[in-house]
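Open your viewer and keep the selection panel at hand. We will go from the whole chain to single residues, one stop at a time.

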Amino acid sequence: MTQAETPVRRPGPTAAPLLRNRDFLVFWAAQALSALGSSFSLVAMPLLVLHATGSVAQMGLITGVAGAGTVATGLFAGILVDRYDRRRLMITCDVARLLLYGAVPVVWWIAGELVWVLYPIMAMAAVFQMVFDVGCSAAVPSLVAREQITSANSRLEATYAIGFVLGPMAAGLVASLLGPVTAVTFDALTFGVSAAGLLMIRLRPAVPDTAAPAAGPRSVWRDLVVGLRFLWRTPVLRAITLLYTPVTFLSLGLVDVFIYYVRHDLGQGDRVVGTLLGAASTGAIVAALVTPAGRRLLGFGPPWLTAYLACGVAIAAAGFVFHLAVVLVAATVFAFGETMAGISSASLRQTVTPDHLLGRVTSAFWMVHHAFGPLGALVLTAVVARTGVRGPLVAVGVLFVVIVCAGLATPVRSRHAVPG
């Protein structure tokens with residue numbers, strides 16, 4: 001392992017309280033507004049497709065196209081984040097998503113329900129979403145001290161979760177009163193607000209990679225490979241990447257399935273869909289609040305494995321018991337588990353990865369474990385369309401438990417996954 005690839009402690013600045021860190025506070029507020037808008041599209045876009053086509057398979061196809069855009073972007077997102085100014089990249093991505101999502105209501109109002117237009121829009125939006133998310137993850141260590149990374153991630157995740165409580169509820173209400181197109185319009189505007197917030201902050205420059213060769217075709221290939229190589233040569237990152245791959249395959253289409261379950265099988269309206277998903281997001285808020293303490297007491301592995309064990313049991317329960325309250329509990333537990341696991345893995349990755357590699361390692365991580373997500377969404381929604389919701393949900397829940405059992409045989413089980 002070369003010196004550039006060896007996990008190191010990032011010295012970071014002297015830790016000032018997060019609530020006195022102006023740049024982090026502005027960044028935090030901007031992402032809160034962006035998350036609120038994104039939660040609108042989480043409900044509004046599937047409802048838009050469902051209203052236009054009545055097909056859960058079409059919902060899954062839209063999700064799959066977006067997922068494919070995410071995977072394809074993983075090839076170069078990390079290179080962009082590590083080579084160029086991260087703040088400017090995130091602002092560019094926000095402006096692009098403002099224009100893309102803003103095009104949806106324009107098309108709908110002028111030309112009618114052209115569902116095919118959503119495919120290129122969602123694919124391109126996913127590209128900019130991936131670059132933005134990699135940049136956002138890489139930016140956190142440039143805003144706070146090393147020992148504050150988990151707390152900063154938890155605050156961000158708690159804020160995202162609050163947005164996903166209020167957003168789906170508001171989206172369901174707006175969709176029921178004014179239609180899902182209006183909800184997408186609101187989503188577009190929030191990206192403009194996020195871009196304005198990012199204009200107000202400064203990030204510490206990333207530590208340069210002194211071993212990097214001059215720009216050229218060979219350096220591009222090196223950049224494509226270096227993130228993957230770091231993941232593979234760091235045992236706990238290799239294990240968690242391999243475990244996340246089937247998790248994403250099974251879970252990418254779950255939101256579509258839950259929406260279809262409530263609308264089609266349980267006969268509820270758009271407002272109930274939004275309220276249920278919003279209420280379920282309280283699980284993510286709780287997870288964001290308790291994860292830092294859980295990490296301190298139990299380390300990395302036990303919280304991550306427990307989170308996905310809870311997800312598996314909850315999803316299987318939703319398939320076994322045909323009731324709206326059970327779907328609510330299952331969605332809440334799933335939000336809790338996904339958030340706890342996500343905070344833990346992001347904090348681990350940001351801690352053990354050298355700053356000049358962080359964009360490429362994050363991009364490689366997401367690219368690998370998202371690789372089969374689009375296919376999973378297509379398969380899950382196609383099976384649901386053919387057989388109904390309940391059997392597939394039970395199968396997904398059981399497979400989550402199998403993944404947890406596999407994780408017990410890897411370094412992920414260790415509570416001391418982070419060096420030092």
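Predicted model: local features only at pLDDT ≥ 70, side-chain atom pairs only at ≥ 80, totals over all residues.

Residues are numbered from 1 along each chain as its sequence is written, and side-chain values use heavy atoms, with hydrogens and water left out.

**Whole chain.** Colour by secondary structure: you will find 17 helices and 0 strands. Helices here are DSSP runs of H or I with at least four residues, strands are E runs of at least two, and both are numbered from the N terminus. Of the 420 residues, 55% are buried; that is under 20% relative accessible area with a 1.4 Å probe and protein chains only, while exposed is over 50% and partly exposed lies in between.

**The core.** Select Leu 118, Trp 304, Tyr 308 and Phe 400, which touch the most other members of the largest nonpolar core, a set of 112 residues. Such a core joins buried Ala, Val, Leu, Ile, Met, Phe, Trp, Tyr and Cys residues through side-chain atoms within 4.5 Å. Helix α5 (residues 118-139) gives this core its largest share, 13 residues.

**Helix α17.** The expected span is 1.5 Å times one less than the number of residues. Show its buried residues, including Leu 393, Val 396, Phe 400 and Val 404. The buried residues of α17 pack against α9 (235-251), α10 (254-265), α13, α14 and α16 (373-387).

**Phe 322.** Next, go to the loop between α13 (301-320) and α14 (324-352), where Phe 322 sits. Is Phe 322 buried, partly exposed or exposed? Phe 322 counts as partly exposed because its relative accessibility is 38%. Leaving out residues up to four places away, Phe 322 touches Tyr 261, Asp 265, Leu 266 and Arg 390. Arg 390 is 68 residues from Phe 322 in sequence, yet their C-alpha atoms are 8.0 Å apart.

**Helix α12.** Finally, select residues 282-298. A kink of about 40 degrees lies at Val 290, shortly before Pro 292; the bend is the angle between axes fitted to the seven residues ending there and the seven starting there. Just after α12, Gly 299 takes a positive phi of about 80 degrees.

Note on methods. Contact = heavy atoms within 4.5 Å.
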